[in-house]
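This report covers a metal site first.

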Amino acid sequence: MNEKPKRILLLGASGSIGRQTLDVIEQHPERFELVGMCAGHQADFLVEAAGKHPGLQVLGIADESQKDRLEGLADAVFAGSEAMSEAIAACDYDILVNAVVGFRGLKPTLDSLYKGKSVALANKESLVAGGELVKKALKETGTHLYPIDSEHSAIFQCLQNNRHKDIRRLIITASGGSLRNRTREELKDVTPAQALAHPNWSMGARITMDSATMVNKGFEVMEAHYLFDVPYDQIETVLHDESIIHSMVEYQDHAILAQLGSADMHLPIQYALTVPDRPPLEEKSPLDMCMDRTLHFKKMDFERFPMLKTAYECGRAGGNRGAVFNGADEQAVALFLEEKISFLDIEQAILYALEHVEQKQDSTYEELVAADAAARAAVREFAAKKEH
Ligand code: MG
């Protein structure tokens, strides 16, 4: 290959997606060059990874107390809450991989797009909370988003060489998460450890929790709406136990295209960085379809998973609803993991925040930050009331 390697700036390097992104980069030294990394607080990890990627332009860490450990490992080192934005401004790269977890990932997405650099996006909160702002940025700058979420990667793959106008619907598959075999009644005394045991995927704590509540699938519906410009009426979800079909697109002629694969994020990451190429990829256990296998599908149960209904409502309402939904969920999940509220309280806390934070349209980034903070405060208020 004669092309120059694609220069990658990676945010959220020490998380699950970040680490797998480094694997993909290291599998293809002729295609990719890591030019910068940021992480929250795992300096050890950055030091080790920087050793494998000499000549980095930038390193960033949110935890300022660890900045010293990174000095000398890159041309510039940034620390503190603005480290990611500073790294984006200082770094000369081709594509940003945003693998940050949570609302804090929105700002870097916007920063990169306004710098004129496309984003491979694993941070779904960028779209859930800031979808309207991100769309505006894409339009104004002519940049692109490449989905890393497995469902959206599947849809993205199924959309290649077909026409947007011919889409009948997007069908997003949902495993149902760690608690899928429990009734609502049986959800009452669920512990964090039970909720954190996902049957198919090994992921970070937040997303595993969000899978158990189905908030994650709700977020993915909103994400799909913004990524693919498809109205909510044409986005459906279906329960699919095995997580083998990662999602589907149905066209007007009723052809349904699906993407199948193992539960492994390496492919979505690699495809986001190589599309339309499909170079070889080492996977631990690639899917083998030439064996006895049954795939199950079940109609989505909105009574069992009410947060999915909430997601459609927030998505259709637009404005600051996504930011409030997400902020409330981040706070409620944290309180559940600290055993301050029960599993079913996560849903109640989110509904409480949506009711108590004022609805606004056409929010600026600063207004979304305020909505996010107000949602978290509302959830803490909900939790405090429960204690009395
Ligand atoms: Mg997903």
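The magnesium ion has three protein donors: Asp149 (OD), Glu151 (OE) and Glu220 (OE), lying 2.1 Å from it. Donors here are N, O and S atoms within 2.8 Å of the metal (3.2 Å for Na, K and Ca). Water is not among the atoms, so sites may look incomplete. Along the sequence, the donor residues follow the spacing D-x1-E-x68-E. Distant parts of the chain are linked by the glutamate pair: glutamate 151 sits in helix α7 (residues 150-159) and glutamate 220 in helix α10 (residues 215-228), 69 residues apart. Helices (H or I, at least four residues) and strands (E, at least two) are DSSP runs, numbered from the N terminus. Glutamate 151 and glutamate 220 are both buried, that is, under 20% relative accessible area with a 1.4 Å probe, protein chains only.

This is a predicted model: local features need pLDDT of at least 70, side-chain atom pairs count only at pLDDT 80 or more, and totals for chains, interfaces and linings use all residues. Residues are numbered from 1 along each chain as its sequence is written, and side-chain values use heavy atoms, with hydrogens and water left out.

Now the backbone. Most residues other than glycine have a negative phi, and most peptide bonds are trans.

| Residue | Phi | Loop |
|---|---|---|
| Asparagine 161 | about 65° | between α7 and β8 (167-174) |

Asparagine 161 is exposed (over 50%), with a relative accessible area of 82%. Valine 275 and proline 276 are joined by a cis peptide bond, with omega about 5°. Proline 276 lies in the loop between α11 (266-274) and β12 (298-299).
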